Amino acid sequence: MHAYAEACRQFGRARIPYVIVGAFGISLYSEGAGMVITTGDCDLLLPADALARALDLLRGLGYDFEAGGEPLLPDPEILQGVVRARANVVAHREGVRIDLPLEIAGCDFPSLWKRRRRFRMEGVPVNVAPLEDILRSKELAARPKDRLFLETYRDALAQLLGAD
């Protein structure tokens, strides 16, 4: 089983709420339309109060962490600082990268959670943010890589939005 599917399966078993966002979330919508969108990571948006449990679970699966480019050790005070700063935590293991953002541009977790879509990834039910919200977040973030993504996949994304 792919590491992303395994992480989502374990989050589900532990009742850790998450929604998949970012390009990986878009790729799950694209599969149903016969399109292929590739990315190098999986973004699992979490509510702040679930971060500690998520890190414990992923640590048990062999992941290491960093936040702000620095190693993130299992220290409650450091973790509180990460939550206050709304810093993105990166989990990595053997070439696998899972980003654990606590926020994304223009969206809040409770709203995305209420409107999440369920997909299956390798037989595992996974929670995915609504496509429109993922795309709006990429537009609002306005990072060069997001602008390039939106430009590269403009026609495919328009088709997906029409099919959704």
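This is a predicted model: local features need pLDDT of at least 70, side-chain atom pairs count only at pLDDT 80 or more; totals for chains, interfaces and linings use all residues.
A search of the whole structure identified 5 aromatic pairs. One of them, formed by Phe109 and Trp113, is stacked, with 5.8 Å centre to centre and 20° between the planes. The two residues are 4 apart in helix α5 (residues 109–114), a separation of about one helical turn. Phe109 is buried at 11% relative accessibility, whereas Trp113 is partly exposed, with a relative accessible area of 27%. Another pair, Phe149 with Tyr153, is tilted, with a centre-to-centre distance of 4.8 Å and an angle of 45° between the planes. Phe149 has a relative accessible area of 10% and is therefore buried, the limit being under 20%.

Both of these pairs include a ring with a charged group placed over it. The charged end of Arg116 lies over the ring of Trp113, 3.7 Å from the ring centre. The ring of Phe149 has the charged end of Lys138 over it, at 5.2 Å from the centre.

Lys138 also takes part in a salt bridge, its side chain meeting that of Asp146 at 2.7 Å, N to O. Both partners are buried: Lys138 has a relative accessible area of 10%, and Asp146 one of 1%. In total, the structure holds 10 salt bridges. Within helix α6, Asp133 and Arg136 are 3 residues apart, about one turn of the helix, and their side chains form a salt bridge of 2.8 Å, N to O. Asp133 is buried at 4% relative accessible area, while Arg136 is partly exposed at 35%.

A further salt bridge connects Asp41 and Arg97, with 3.7 Å between the closest N and O atoms. This pair links distant parts of the chain, 56 residues apart: Asp41 is in the loop between α2 (22–32) and β2 (42–45), and Arg97 is in strand β6. Asp41 is buried, with 12% relative accessible area, and Arg97 is partly exposed at 36%. Salt bridges with shared partners join Asp41, Arg97 and Asp99 into one network.

Glu94 is exposed, at 76% relative accessibility. With a relative accessible area of 35%, Ala142 is partly exposed.

Key: Residues are numbered from 1 along each chain as its sequence is written. Side-chain values use heavy atoms; hydrogens and water are left out. Rings of Phe, Tyr and Trp (its six-membered ring) pair if their centres lie within 6.5 Å; planes under 30 degrees apart count as stacked, over 60 as edge-to-face and the rest as tilted. Buried means under 20% relative accessible area, exposed over 50%, partly exposed in between (1.4 Å probe, protein chains only). A charge sits over a ring if NZ of Lys or CZ of Arg is within 6 Å of the ring centre and within 35 degrees of the ring normal. A salt bridge is a side-chain nitrogen of Lys or Arg within 4 Å of a carboxyl oxygen of Asp or Glu.
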